[in-house]
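Me: I've got a fold on my screen and I'd like to talk it through from the inside out. Can you take my questions one at a time?

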Amino acid sequence: MLGIQRKTHTDTGYAHRAVHAKAHGYLRARFEVLAGLPPALAQGLFASPASYDAILRFSTTPGDVLHDGVSTPRGAALKILGVNGPRLPGSEDETTQNYVLGNSPSFQIGTAKGFLRQLKLLAATTGRAEPVKQVISAVTRTAEAALEMVGGKSASLTTLAGQAKTHLLGDSFFSQAALLHGDYFAKVALSPVSSELIALSEKSIDTSGHPDAIRESVREHFRTCPAVWELRVQLATDIEAMPVEDAAAMWSEDESPYVPIARITAVPQDTWSDGMREWVEDRMAFNPWTGLAAHRPLGSIMRARRPAYAAAREYRSRGNGAEIHEPTKLPQA
C-alpha cells in the first residue's frame, strides 16, 4: 500500500490515499438510530434511539486516480460524529464511528495473505497504461453483464474493472468482512431507500469524454435532490456457513436477511466544494478500527487493515504537510 502511495505521490505531487484515492463526492448527513429495535439489534451504537451528524465520502477503489472509463469497484466511507462508549484500541480519545464499505457483498479474496498477492499486482500497475486499463475494463464489463443475466455476480470480475457504468448513488455498499455487533457477529450494508436513489440503480452514465463522470453525476443529483439510505445489519446465525475469517464467503440472505438499524438522510448540497474537499482529503481518514469496541472488525483482512491504514495515514500526513484528525463537528456549509 505504501508503494502505491509513493508512486502516485511522485506522479502527481500529492500524497493520495493508498486505496480509494479518487473521491466522487462528500456529504454532510444526519444519522438516526431507529427506535424499537429488538435486543439482538440494539447493540453498541444502536442500543437506543439517537441522532448524530455524519460524513459520507464516495470513491472508487484503486490507489491511482483514473479516468472513469476504467470502471473499477466503488466505495462509500461513513463517519458518525459524537459517539460515546468504550473504544477500540488506538481510538480511545476519539468520538467517531467509522465504516468503510464497498459495493459488493463480500471481498473477492478471503484472507490477508490472498489480499496481499492482489495488492502486489495492483501496485505493479499503479500509474501505468490507463488506455490499456480502459480496454480491459470494457471486456470484463461484458463478461460481468453476461454472468448477471443468468443470476450471478462475480466479485473477482468486478474487481478486475467489470463494474457497470451505472450511477454510483444507486449502489448498495457493504462492510464485506465481518464486524462485531455487540454480542453477535455481523456484516453491515448501506442501502438506498428514497425513490430518487432507487431510480438511479440501473441508470447508465456516459464516461466518454468525461474523466470525472461519476463525480459530475453525484454533484448534479444533489443540486436539487435529497437522499435517504438505511444502514442494515446481517447477523451471523450459523458460524460454519457464515465464517468471520473468510471475507470472500457470501452469507446467505435467505438464512439471515439484512435488517434496518439506522437511517441516513442528506439534503441537497454541493458535494464538491473546495472547503469539504480540502477538509476530507487533507485532514481526514476513514478507518474501521476507529470506533466502538462493540463494533470491532473481525477476520484476517480486517486485522491487516489496522497497521496498513495507520501507515497510509501517516504517509499522507507527512506528504501533504497536514495534520489528520477525527472531527468533532461538521464544518459550516
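Me: Let's begin with Leu 27: buried or exposed?
Reply: This is a predicted model, where local features need pLDDT of at least 70, side-chain atom pairs count only at pLDDT 80 or more, and totals for chains, interfaces and linings use all residues. Residues are numbered from 1 along each chain as its sequence is written, and side-chain values use heavy atoms, with hydrogens and water left out. Buried means under 20% relative accessible area, exposed over 50%, and partly exposed in between (1.4 Å probe, protein chains only). With a relative accessible area of 0%, Leu 27 is buried.

Me: Which element does Leu 27 lie in, and which residues is Leu 27 in contact with?
Reply: Helices (H or I, at least four residues) and strands (E, at least two) are DSSP runs numbered from the N terminus, and Leu 27 lies in strand S1. Contact means heavy atoms within 4.5 Å. Leaving aside neighbours within four places in sequence, the contacts of Leu 27 are Ala 54, Ile 55, Leu 56, Phe 58, Phe 222, Trp 229, Ala 266, Gln 269, Thr 271 and Met 276.

Me: What separates the C-alpha atoms of Leu 27 and Gln 269?
Reply: Gln 269 is on the contact list of Leu 27. Along the chain the two are 242 residues apart, yet their C-alpha atoms are separated by 7.7 Å.

Me: Met 276 was on that list too. Which elements do the buried residues of H7 pack against?
Reply: Helix H7 covers residues 274–283, and Met 276, Trp 279, Val 280 and Glu 281 are buried there. The buried residues of H7 pack against strand S1 (22–33), strand S2 (50–60) and helix H8 (300–320).

Me: Which residue forms a salt bridge with Glu 281?
Reply: A salt bridge here is a side-chain nitrogen of Lys or Arg within 4 Å of a carboxyl oxygen of Asp or Glu. For Glu 281, the closest N and O atoms of the pair are 2.9 Å apart, and the partner is Arg 17. The pair links distant parts of the chain, 264 residues apart, with Glu 281 in helix H7 and Arg 17 in the loop between H1 and S1. Both ends are buried: Glu 281 and Arg 17.

Me: Where do Asp 11 and Lys 7 lie?
Reply: These two form a salt bridge, with the closest N and O atoms 3.4 Å apart. Asp 11 is partly exposed at 43%, and Lys 7 is partly exposed at 31%. They sit four residues apart, about one turn, in helix H1 (residues 2–12).

Me: How many salt bridges does a search of the whole structure find?
Reply: Another of them joins Glu 220 and Arg 223, at 2.9 Å from N to O. That pair is three residues apart in helix H6 (residues 213–224), so about one helical turn separates them. Some salt bridges share partners, joining Lys 22, Asp 68, Asp 212 and Arg 215 into one network. The whole-structure search finds 17.

Me: What about rings: which residues do ring pairs link into a cluster?
Reply: Rings of Phe, Tyr and Trp (its six-membered ring) pair if their centres lie within 6.5 Å; planes under 30 degrees apart count as stacked, over 60 as edge-to-face and the rest as tilted. The search finds six aromatic pairs. Phe 107 and Phe 115 are edge-to-face, 5.7 Å centre to centre with 65° between the planes. The cluster is made of Phe 58, Phe 173 and Trp 229.
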